[in-house]
Amino acid sequence: MASQESEADGSDAAFDRIMETIGNDGPFQRRYNIIFNVTAVLFFAMCVVNVLLVLAVPDHHCSIPVTATQMHNATHAGEAKENVYPMEFNSRGEYVPSSCRMYDMSYDHNVTDFAPPTNETTTVACIYGYEYDRTYYDRTPVTEQDWVCERELYGINIFSVVRVSEVCGTFILGQLGDRIGRLPVYVFSIVTAVVGRVFSVLSAHHYWLFAVLAFIGSFSTNTSFQSPLIIAMEISKDANRAALSLWQLVGWTAGVCLAPLILWWIRDWTWFMIITSLPCLLFYCFPGYAIESPRWLASQGRYRDCLVQLRKIATVNGRPFELTEAQIKTLVPQIECEKTYGIASLFSGWHMTKLTCLLLLSWICNTIPTFTLFLLSLQMGGNPFLNNFWQGAVELPAYLLGQLCCDRVGRRFTNSGAFLAAAIACLPVVLLIHRPGTELYVTMLAIVVKFFVCITYFALYLQSVEMYPTSLRQTGTSFGIIVSNVFGAVGPYIVYLGTSRDLRLPFVAMALITGVGALSSIFLPETLHQKLPETMEEGRRFGRDQHFWSIPKGPLAAIATENTRPLESELQELQKLHKPST
């Protein structure tokens, strides 16, 4: 086993040396990052959230027969709504005319025959249809198909379909990315996203077809971001990898912020879906930069294809490249990896099982509030587009602060502290949300909750990557995202509970969930300045010797040099092979 590890380390180091000779921080890497890791992510982010934005439910009430009577004019002027709609408490605790019921009376053209309702007057559902507040939306699938009141769960169910689709796509495409390559999965992701979103504009009147297309459009959500990031990391130097992740988050945040502003401007959901989906096809137009990861190709023994990709990089970077297929095969041989059993290996041994369960619980406690806050931003009063914009804009500073705290005080205390802060920030929302005139304060506090939840995401992602051994690192991270997305499907129903019963309930639920997250994450081991586990045995022992209140210390000054000699000899061999023949 030790021999295999040493051989694998030597192979990785040799490939790193090859990348250094052709440029691992040159024009190719910078252009690839701008095209696929920032700009493409911006458009994919809009494609991800567009179907969620158009399912917002605007204010509405029962429609009555359109007449020229004074009663109808008075009703629309707000002077006598109580004569048409029964009064009830809404989810904000306000005593207002009903949105879903009307008095069972005769509405004709003769005003003089109109008699005000009494306590004995019965109420009925909206038998004449609905009228919607057009302040922000002209046309959405909700207003076209009346997905309100008795049919309000139609939109809620679509939200859950989206989450289930993301789970299935992450599970299937995540494994395919390691089997058939990152590039084919990325190309497939573009197709499914565009087809699912664009064709949905023709299917709203067929609910199940709309649901199927929402499933297709969301199937590749995670891989559309993961594939280009993995390729970018595998062709770049180690020092740039954290920056690559941050740049992708910049693209994501820009897309999430831009999408609601576009819908605010267009006001029509069909054109909005087309404008925010079709541009994804533009990223088929960069064949010179849409490469497969040469590192992955070499690991699969596909040395000829690897050579083609390396030459593309070297050409753009202006570096000479003379290596042959046989020479690359000699330098980067295929290594037989340590045998694992997929997800089952995450539960091998009591200690690793405990860590996996704590991580999964923390992921769940992060994902449910994230999705719930996104949906609530569309239902909390005020301008729904600005609510959503600010919740998206807060993500980037949250990630920057998260990176700073994770590197200073450690991943564990940053994660647990952010969860606790999110739980505390939910409490004043519960106290204020029923008071009139507090919409701005509630929106600001919801943004604060989102800020701390984003910090927990950043810390959790780092912990997932750093806690598992090399052979399980991708599996462990993907499994956490999959499980959390399954439970994230609960988010729409938490929002439904708030909009149909009491708007305080989602914040009560989020306070409890983030409180659980603070407890689960504090018992995870600290990974800052820790040697990453390489083997299964190291993974089973990781963190066992840490004390609960231990503060992470800086890395040791001494650097292990056990592999120095083999690396030097590999470099010399590489330089000899790379020297042009005379």
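Tutor: A charge sits over a ring if NZ of Lys or CZ of Arg is within 6 Å of the ring centre and within 35 degrees of the ring normal. Please keep in mind that this is a predicted model.

Student: Which residue lies over the face of Phe-371?

Tutor: Arg-163 does, at 4.3 Å from the ring centre. Another such case is Arg-412, which lies over the face of Phe-413 at 4.6 Å from the ring centre.

Student: Let us step back. How many helices and strands does the chain have?

Tutor: There are 23 helices and 6 strands. Of the 582 residues in the chain, 52% are buried. The accessible surface is about 26,600 Å², and carbon and sulfur atoms contribute 62% of that surface.

Student: And what share of the contacts with a separation of 6 or more is between residues 24 or more positions apart?

Tutor: The share is 79%. The C-alpha atoms of Ile-482 and Leu-360 are separated by 9.5 Å, although the two residues are 122 apart along the chain.

Student: Is Ile-482 buried or exposed?

Tutor: Ile-482 is buried, because its relative accessibility is 11% and the cut-off for buried is under 20%.

Student: On to aromatics. How many aromatic pairs are there?

Tutor: The count comes to 30 aromatic pairs. One of them joins Phe-28 and Tyr-32, a stacked pair with 6.4 Å from centre to centre and 20 degrees between the planes. Both residues lie in helix H2 (residues 27-53), 4 residues apart, or about one turn of the helix.

Student: Why would that spacing matter for direction?

Tutor: An α-helix has 3.6 residues a turn, so residues three or four places apart point the same way.

Student: What about the pair of Tyr-154 and Tyr-207: which class is that?

Tutor: That pair is tilted, because the planes are at 40 degrees; the ring centres are 4.4 Å apart. Tyr-154 lies in helix H5 (residues 152-179) and Tyr-207 in helix H7 (residues 207-218), so the pair ties together parts that are 53 residues apart in sequence. Tyr-154 is partly exposed at 29%, whereas Tyr-207 is buried at 14% relative accessibility.

Student: Which cluster do Phe-28 and Tyr-32 belong to?

Tutor: Ring pairs link them into a cluster whose members include Phe-36, Tyr-186, Trp-252 and Tyr-289.

Student: Changing topic: how many salt bridges are there?

Tutor: The count is 12 salt bridges. In one of them, Lys-237 pairs with Asp-25, the closest N and O atoms being 3.6 Å apart. Lys-237 lies in the loop between helix H8 (223-234) and H9, and Asp-25 in the loop between helix H1 (2-22) and H2, so the pair ties together parts that are 212 residues apart in sequence. Lys-237 is partly exposed, at 31%, and Asp-25 is partly exposed, at 35%.

Student: Which residue forms a salt bridge with Asp-138?

Tutor: Arg-267 does, with the closest N and O atoms 2.9 Å apart. Arg-267 lies in the loop between helix H9 (241-266) and helix H10 (269-275), and its phi is near 70 degrees, a positive value in a residue other than glycine. Most residues other than glycine have a negative phi. Asp-146 also takes a positive phi, near 55 degrees, in the loop between helix H4 (141-145) and H5.

Student: Finally, what should the 15 residues of helix H12 span?

Tutor: At 1.5 Å a residue, helix H12 (residues 303-317) should span 21 Å, and its end C-alpha atoms are 21 Å apart, which agrees. Its buried residues include Tyr-303, Leu-307, Leu-310 and Ala-314. Just after H12, Gly-318 takes a positive phi of about 70 degrees.

Notes
Residues numbered from 1 in each chain as written. Predicted model: local features only at pLDDT ≥ 70, side-chain atom pairs only at ≥ 80, totals over all residues. Heavy atoms only, no water. Helix = DSSP H or I, 4+ residues; strand = E, 2+ residues; numbered from the N terminus. Buried < 20%, exposed > 50% of the residue type's maximum accessible area, 1.4 Å probe, protein only. Contact = heavy atoms within 4.5 Å. Areas by Shrake-Rupley, 256 points an atom, 1.4 Å probe, with all protein chains shown as cover. Expected span 1.5 Å × (residues − 1). Phe/Tyr/Trp six-rings, centres within 6.5 Å; stacked < 30°, edge-to-face > 60°. Salt bridge = Lys/Arg side-chain N within 4 Å of Asp/Glu carboxyl O.
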